[in-house]
Amino acid sequence: MLQQIDKREAFATLSRFRAGFYDCLDGRGDALFELTDALLCADGPVKTQVELALAPEHRRGHGSLYGGLNHGRIDVARLRRALAGLPLPKAADGRLVLAVDVSPWLGPDTATCPDRSFCHTYGRGDAKHQMIPGRPYSVVAALETGRTSWTAVLDAIRLNPGADVAAVTAAQVRDVVERLVAAGQWTVADPDILVVRDAGYDAPRIAYLLGNLPVEVLGRMRSDRVLRRPTPPRAYHPKGGRPPKHGSEFIFGDTATWGVEQAVTVTDTPRYGKATTRAWDRLHPRLTKRAAWLDHDGPLPIIEGTVIRLNVEHLPSGGDDKPVWLWWSRVDASPADVDRCGQAFLRRFDLGHTFRLFKQTLGWTKPRLRSPRAADRWTWLIIAAHTQLRLARPLAVGLRRPWEKKTEQHKLTVARVRRGFRNLHAKSPSPASAPKPSKPGPGRPAGSKNRRSATRHDVGRVLATGEAHARPSHHRKGTTPRRTG
């Protein structure tokens, strides 16, 4: 009985989100909503966008598909609030873990498209680092625990050319956290929200920009970085001079500068052998008046944190097991905090699996859309479709096809849930209205008579009394075009 109640609640949550998503579509909502349903119910990966018009869920012509993307309107602010109010996954300690990463929508042949940027890629051609034109999108998602690739995407913004990635990302995370607090996802009694980033971000600067929010920043750092220790106790030199502002150096590549660790943990893993985690407390970067800190007013801040080093015995592929360096925006880390940060960073790779699902299965980067606004609309349709799949996850056991075997719920993939979504779509009526016919009707059948009584007008009385207002509109003066020539 409890399982049936949970399924009913999951179905009700999915139905409410579908209705709320339809209300967010201000212009050409019927076409955009049916395009999303066709995206969910299509057989196999989406290879071309026009093939979605052939799905039974898309009752309109292919012209409405492009018309909705090019001229439709989506209330993005309302959709963001709806996503923040949905049930979100949390860590074992009840903490929200958010991952932030940038995924490019590459367009090598879009030489004349507006607002394009150069995106850094690796693995194309001869597996070299290349800069290819495209549209980069910054995505924020909530992560789950355990071995799963499910994420809850909360926001996505397109990075404009020449944008300050750290500043834009900090503003994006601030908006997401404020929406989560307004939706009741975080209270004062809850632990701080953990934000995980990759090496492409300046983690200390983002932690400084988000200093007044209940968040912890965990970011990856390059292996050639050099940080500083706290200032030693002040000792007055007989010759005088200014006291030092930074302590000794902590060089990632020089073990002689590491000193004694703050915490050390060793964990046995089935695939990587022993995983060793070491942490050093109160380390900060030495900032200078240049680059992002050029316009900073006042003295430069000292942003202290904890440096964590992760390394394993071996990799399953047999490659070089290089260590991973992390920077955490908190100090006085305990062994439990170090393990929690290491596991959270490993869960960050689930967002990469979400990007691969967007591109390879849902066809996020397949359309060749010239307008940046059309690309943004298509991106939000992809996010709405992925959210519906996440909400349908508890119902996926009954959504399987007849020839598919039953699988435990925690082992279901996003693609497996999508294969059975059509069965659920048949039980949930679409709020979109039926399309209107684009051509006139066939008219009266051949051989039948018109039995309607004709409208009679007393033309003689009108001419005698001069009541021009009694004439039909098509008989009034000035309405009939004068024939010339």
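**View 1. Asp37 and its contacts in a predicted model.** Asp37 touches Arg18, Glu57, Gln388, His425 and Ser430, leaving out residues up to four places away in sequence. The model shown here and in the views below is predicted. Asp37 sits in helix α2. Is Asp37 buried or exposed? Asp37 counts as buried, at 1% relative accessibility. Its C-alpha atom is separated by 9.4 Å from that of Phe421. Along the chain, Asp37 and Phe421 are 384 residues apart.

View 2. Glu34 belongs to helix α2, which covers residues 29-41. Asp37 has its place in helix α2 too. Glu34 has a relative accessible area of 1%. Glu34 is therefore buried, since buried means under 20%. Which side chain makes a polar contact with that of Glu34? The partner is Arg60, and the polar contact is 2.7 Å. With neighbours within four places in sequence set aside, Glu34 is in contact with Glu57, His58, Arg59, Arg60, Ala432 and Ser433. Glu57 is also one of the residues that Asp37 touches.

**View 3. The largest nonpolar core.** This core holds 76 residues. Which of them touch the most other members? They are Leu52 and Trp378. Helix α9, residues 372-391, gives the most to this core. Its share is 11 residues.

**View 4. Around Trp378, and a second core.** Residues up to four places away in sequence are not counted here. Trp378 then touches Leu35, Leu39, Gln49, Leu52, Leu69, Trp105, Leu362, Gly363, Trp364, Pro367 and Leu369. A second core is separate and has 23 residues. Among them are Leu98, Val140, Ala142 and Ala152.

**View 5. The largest pocket.** The space in this pocket is about 1,600 Å³. Its lining is made of 44 residues. Which of these lie nearest the centre of the pocket? They are Tyr272, Gly342, Gln343, Leu346 and Arg347. Two or more lining residues come from each of β11 (263-269), β12, β13, α7 (335-347) and α8 (350-360). α7 gives the most, with 8 residues. By class, the lining divides into 17 nonpolar, 13 polar and 14 charged residues.

**View 6. The second largest pocket.** Here the volume is about 640 Å³. The lining counts 24 residues. Closest to the centre are Asp101, Val102, Ser103, Pro104 and His120. Which elements each supply at least two residues of this lining? They are β3 (97-106), β4 (117-124), β5 (128-143) and α8. α8 also gives two or more residues to the lining of the largest pocket. The lining of the second largest pocket has 13 nonpolar, 7 polar and 4 charged residues.

**View 7. A cavity inside the model.** How many cavities of 30 Å³ or more are there? The count is 1. About 50 Å³ of space lies in the largest cavity. Tyr137, Val139, Ala156, Phe358, Trp364, Thr379 and Ile383 line it. β5 and α9 are the elements that give two or more residues to this lining. Of the lining residues, 6 are nonpolar, 1 is polar and none is charged. Trp364 is also one of the residues touched by Trp378. β5 supplies at least two residues to the lining of the second largest pocket as well.

**View 8. Arg282, with a positive phi in a strand.** Arg282 has a phi near 55°. This is a positive value, in a residue other than glycine. Where does Arg282 lie? Its place is in strand β12, residues 273-283. Arg282 has a relative accessible area of 32%, and is therefore partly exposed. Strand β12 also gives two or more residues to the lining of the largest pocket.

**View 9. Ala291, with a positive phi in a loop.** Ala291 is not a glycine, yet its phi is positive, at about 55°. Ala291 is found in the loop between β12 and β13 (305-312). Is Ala291 buried or exposed? Its relative accessible area is 73%, so Ala291 is exposed.

Conventions:
Residues numbered from 1 in each chain as written. Predicted model: local features only at pLDDT ≥ 70, side-chain atom pairs only at ≥ 80, totals over all residues. Heavy atoms only, no water. Helix = DSSP H or I, 4+ residues; strand = E, 2+ residues; numbered from the N terminus. Buried < 20%, exposed > 50% of the residue type's maximum accessible area, 1.4 Å probe, protein only. Core = buried A, V, L, I, M, F, W, Y, C linked by side-chain atoms within 4.5 Å. Contact = heavy atoms within 4.5 Å. 1 Å grid on protein atoms, 1.4 Å probe; cavity = no way out; pocket = protein on both sides within 12 Å on 5 of 7 lines; lining within 4 Å. Points joined across faces, edges and corners; volume = space filled by probe spheres on them. Nonpolar A, V, L, I, M, F, W, Y, C, P; charged D, E, K, R; others polar. Polar contact = N/O pair within 3.5 Å; in protein donor to acceptor, adjacent residues only side chain to side chain.
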